[in-house]
Amino acid sequence: METLLFLSSGLFLGWSLGANDAANVFGTAVGTRMVKFHTAALVCSVFIVLGATISGAGAAHTLGRLGAVNALAGSFTVALASALTTFWMTRLRIPVSTSQSIVGAIIGWNLYSSSVTDTSSLTKIVTTWVACPLISGVMAVLLFLLVRWLLKVTKPHLLRLDALTRLGLLLVGAFGSYSLGANNIANVMGVFVPDSPFTDIDFFGLFTITGVQQLFFLGAVAIGVGVFTYSRRVMSTVGGGLARISPVPALVIVLAQSLTLFLFASESLEFFLASRGLPTFPLVPVSSSQAVIGAIVGLSLFKGGGIRYKVLGEISLGWVATPLVAGVVAFLLLFVMDNVFDQKVQTVQEYRLDAAVQDEMERRGIVDPGLVDFMDLTYTNPSTLKDNLEKGTDLSSKQVDLVLELALTGRWEIRPGVIARDVDKHWLTGDQMAALRSLQGQSFDHAWQFQQALAAASPQWQARPKAATNKIWNKELSSKLSFLYRVFRTDEQDE
Amino acid sequence: MPLFRTSKVLEKQIDDFLDTVGEGALVFREGILSYLGNDADGFASAISKIDKLESRADKLSREVEAHLYRHSLIPEHRGDVLGLLENTDNIIDRIKTSLHQFSVEQPDIPEVYHEGFRKLADASCEAAEAVVVSARAFFRDVEAVQDNLYKVHHFEKEADHISDSLKRKVFASDLALAHKIHLRYFALNVELVSDKAEEVADRLAIYAIKRNV
C-alpha cells in the first residue's frame, strides 16, 4: 500500500511529462490543423506505451535519473517536485524539458541531504539551453532548403503534397512518441522497480509479462493520459503561438528536431560511425523541447521573422526557471516530508578512509600529506568531507571526487540466493555471470573492491580504454555494476 | 492508403472541373459564331452543351468542396481553393447566361458588326482558357501560374478594347436608339466572360504568392 502511494508521484510525473512533451512531437502537426488533436493524442499515446513497454523495458535495470536519490520517500518527493514544476510550466503553456526539472529536483535533494552535486549536470543543462536550439535551428534551415529544392524539382500536386505532409507528420510523430516513451519511462518509473508491487504474469507458457513491464505500462498509460487530457495547451504554443507555421515547415521542424536528437545524442550512431573509421558527430546534451523551439525560431528567422518575441521570452524564462523552481520545491517538500510526516528521505552513507582505501589511493597516484588527518575518521556528510578535503589537502577537485567515491563504505555480500533471485541471467554475459558466481560467499566493504574482484575474475568486467567505440560497452558495464552494487548491498537493507 | 486515395479522387475531380470550364469557353465561341452565321442547329447544340457543362461544373465543384471539408484537407489553402473553384465556376455560369440571353432575346446584329462580335468572343474565350491553364498550374506547378496570368490580362484588355470600339461604332451609326442599346448590351454580355476570367486571375496571383511561401 505504501509503495502504491509512493508510486502515485511517479504517475503524476508521467502525466505531466505527457502533457508537456507531446507538443514536441505533435505540436506543429496539430497547430497547422494537418492532424486532428484526437488523432495526434491517440497515435502519441499508443506509441508512448509501445516505446515504454518494448524498448523502455531494456532500461529496467537502471533506476533512471531519480536513482541518485537513495530512499523511496525521497524519490517520491523529488518526483513530486519535478511533476509540480512541469505541471506549472504546462499551465503557462511553456514547453520545458522534463529531464531538466528532474535534475533540478535532484539537486534540491542533494542540497537537502548534503550530497555532492556533480557540476557537469549543471553545465549540461546550460549547454542544452544554448547549443541544442542553435544546432536544431541550423538543421531546420538546411532541411527546409532541401525540401524546397525537392518540391521545385518534383512539383507534386497540392493535394498530393498535402497527403504526403500529413503522412510525414504522423510518421515522425509516431517515431518521436515511441522514443519519448522509451527514453523517459525509466525516469518516471525506474526508481520504483525494486519496490514494484507487480508480479510476473504467465500466459499459458506462451509469453510472460514481467512485473517491470506492467509497472512501465502503468507509467506509460499515465503519460498517455497526460497527452489526452492536458497537452493541448503546450501544443498551441509550439504549433502557432510562437510563430505562424505552415504545413510543410511544420514537417521540416519535427524532422529537424528528430535529426538533431539522432545525430548529436545517439551513442549507437557514434559507435556505428567510429567502428567504421568514419568521423563522428560531437555528442552534446540535447532535449526535444529545446530542439523544437530552436527549429521554429531558426526557420522563422530564415524565412523573414514572424516570431512573437514575447512568447519566446516567456519560453526562455521558463527554461531557466524549471530546474531552479524544481530544486527549491524539492528542498521545501523534503523538509516537510522529513519533519512533518517523519519519512526517511535519504539513506545516510558512511565515508571512511581506511587502510584499503589508502592503498587504492596510492595505487591511483593520489598522494597528499594532508590525507593523514582524515585516516580512519567516519563521515556521514559527504559535503563536509569534500569541503574538508579541499581545505586540508592540495588535491584537485577531480581527485577529491575520486577519494569520496573510494571512501564510500558499506557491506556487499555475494549471497547465492540473491544471484539466483535478483540477477537477470540474460542481461549479463556468460563470462560475467560465471565471474559473479565465483565470488559467492565473499563480502566487501567498498563497492570498488567488489568491482575489482569481478574484473580480476573476468576481463568482461573490465572497463575498456576511453574511445568512441568503447563508450557503449563502458556505459553498459557501469549500469550493470550499479545494479549489482544495489542488489548485493546488505547494510542498507538490514535497517 | 485512404489518404492518397482521397487525394487521387480529388485531383481527378479538380482536373475534370477545369476541363469542363475550358470546354465551356470553347462552346461559348462556337455558339456565338453559330448565332452570327445564322446556324440555328449549331447554336441550339451549343446551348444544350453549355447547359450540361454548367451543371457538371456545379456538381464537381460541390463535390470537391464537400470532400475538402469532410476530410479537412489542405487546411492552409482550403479557403483559397474554394474561392478559386467558386470564381472559376462563375465563368461558366456567365457563359451560360450570355448564350441564353442570345437565345431569348435574339438580338439583330447587322453584318457590319459581325467581325467585331467574333473578335470579342475570341478574346473572351482566350482569356477564359488562359485562366484555366493558370488555375491548373496553381495545383501542380505554382511557379507557372504567373506565366499564364499575363495572357489573361492581355486578352481581357483586348476584349475591353474591341468592345469599346464596337460600341462606339454602334452608337455612331444610324440605328434606332433601342437597337443601339440592345447591341451594346450584347457586346457587354460577351465581354463579361473575360472580366470574370480576370477576376479569377487577380485572386490566383495572390493565392500563388501564398502558396510559394
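Predicted model: local features only at pLDDT ≥ 70, side-chain atom pairs only at ≥ 80, totals over all residues.

Guide: Residues are numbered from 1 along each chain as its sequence is written, while chains are lettered from A and ligands numbered from 1 in the order in which they are written.

Visitor: Why are α3(A) and α4(A) called oblique to each other?

Guide: Helix α3 (residues 72-91) and helix α4 (residues 98-112) of chain A pack at an angle of about 135°, with axes 8 Å apart. Helices here are DSSP runs (H or I, at least four residues), numbered from the N terminus. Axes are lines fitted to C-alpha atoms over the stretch in contact, and angles run from 0 to 180 degrees between N-to-C directions. Angles under 35 degrees count as roughly parallel, over 145 as roughly antiparallel, 65 to 115 as roughly perpendicular and the rest as oblique. The angle of about 135° falls in the rest, so α3(A) and α4(A) are oblique.

Visitor: What makes α2(B) roughly antiparallel to α3(B)?

Guide: The axes of helix α2 (residues 40-70) and helix α3 (residues 78-105) of chain B cross at roughly 165° and come within 10 Å. That angle is over 145, so α2(B) is roughly antiparallel to α3(B).

Visitor: How do you know that the span of α6(B) is close to the expected one?

Guide: Helix α6 (residues 177-212) of chain B has 36 residues and reaches 52 Å from its first C-alpha to its last. The expected span is 1.5 Å times one less than the number of residues, which for α6(B) is given as 52 Å. α6(B) bends by about 30° at Glu191(B), the bend being the angle between axes fitted to the seven residues ending there and the seven starting there.

Visitor: How many residues of chain B are in contact with chain A?

Guide: 15 residues of chain B are in contact with 14 residues of chain A. On the chain B side, α1(B) gives the most, with five residues.

Terms used
Helix = DSSP H or I, 4+ residues; strand = E, 2+ residues; numbered from the N terminus. Contact = placed C-beta atoms within 7 Å.
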